[in-house]
Amino acid sequence: MKSFIMLLSSLTLGASAFDSPKKYDMFLFDNPFLIGQWHVINPSPETIPEDFLAITLQLESNYQFEIQIKRKDRTVHSWSGEYSVDGAKMVLGVESKSPQIYEYSVNANQLSLNGVAFSKTVPEHLSGYWRSTEVRGTDVKSSLVSDIDLVLYPNFYFSIQSFTTKGGNKYRDGIYYIEDNYIYFIYNDGEQASQYALNSHQLVLSSQDEDMYIAFQRSTLIQP
């Protein structure tokens, strides 16, 4: 952990301000599981000598990153730059004076950098069991969907069950990830992107491209 913190700190050298490039179409991005906010917390700051309480790493589809380190004196050090990935290697600070190379592995909810495990941060209020209160749009009407149950788990897995006006239903599950105000669903036979709006008790998924609007109310998942 000590060497990892020292590597991160050296990224401040040569940091400069610049305009962020345009973000990618996420379905064309090679490493979608990387995208999001990752964090690691010092489990025992009183006994672990490394000077940090928490580290937050934001990775975006335009290959920009931002790191914040909260020190034990409560000060926060942050910097940003460009990253790259090649195979199992990630480079942070590609354009800095001291780019840092890490061995990495990633899945839906955990990122390992040189053996340090980061957990992906779930947006506040997002995870839970959601039941539709309004379903409209030409896309959903054509498939006769009348109701939808959506479960978003805090480990970035999801399940969704749709019901039709004729009494049919369809179940899917898979992995989701977030960038900005978009949520992306990946399942066995496809993928889908929607804009989302959220508060503590309501979730809205919409898509102008597919003329879709689905409002959900937070509910209680009843175990069988």
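How many bridges pair strand β11 with strand β12, and in which sense do the two strands pair? Strand β11 covers residues 157–164 and strand β12 covers residues 169–179. They pair over seven bridges, in the antiparallel sense. The model is a predicted one.

**The β11–β12 hairpin**

Strands β11 and β12 form a hairpin. Four residues lie between them. G167 sits in this turn and has a positive phi of about 90°. Within the strand pair, S162 stands opposite K170 in β12.

G174 has its bridge partner in β13, namely Y187. Here too the strands form a hairpin, with two residues between β12 and β13. D180 is in the turn, and its phi is positive at about 55°.

**Salt bridges**

The structure holds four salt bridges. Among them are the pairs in this table.

| Pair | N to O distance | Relative accessibility |
|---|---|---|
| K89 and E103 | 2.5 Å | K89 40%, E103 42% |
| D149 and R131 | 3.2 Å | D149 14%, R131 42% |
| R172 and D189 | 3.6 Å | R172 24%, D189 53% |

Take the side chains of K89 and E103, which meet at 2.5 Å, N to O. K89 counts as partly exposed. E103 also counts as partly exposed.

Next come D149 and R131, whose side chains meet at 3.2 Å, N to O. D149 lies in strand β10 (residues 145–152) and R131 in strand β9 (residues 128–136), so the pair links parts that are 18 residues apart in sequence. Is D149 buried or exposed? At 14% relative accessibility, D149 counts as buried.

The R172 and D189 pair returns to strand β12. Their side chains meet in a salt bridge of 3.6 Å, N to O. R172 lies in β12, while D189 lies in the loop between β13 and β14 (190–198), so the pair ties together parts that are 17 residues apart in sequence. R172 counts as partly exposed, at 24% relative accessibility. D189 counts as exposed, at 53%.

Key:
Residues are numbered from 1 along each chain as its sequence is written. This is a predicted model: local features need pLDDT of at least 70, side-chain atom pairs count only at pLDDT 80 or more; totals for chains, interfaces and linings use all residues. Side-chain values use heavy atoms; hydrogens and water are left out. Two strands pair if DSSP finds at least two bridges between them. Buried means under 20% relative accessible area, exposed over 50%, partly exposed in between (1.4 Å probe, protein chains only).
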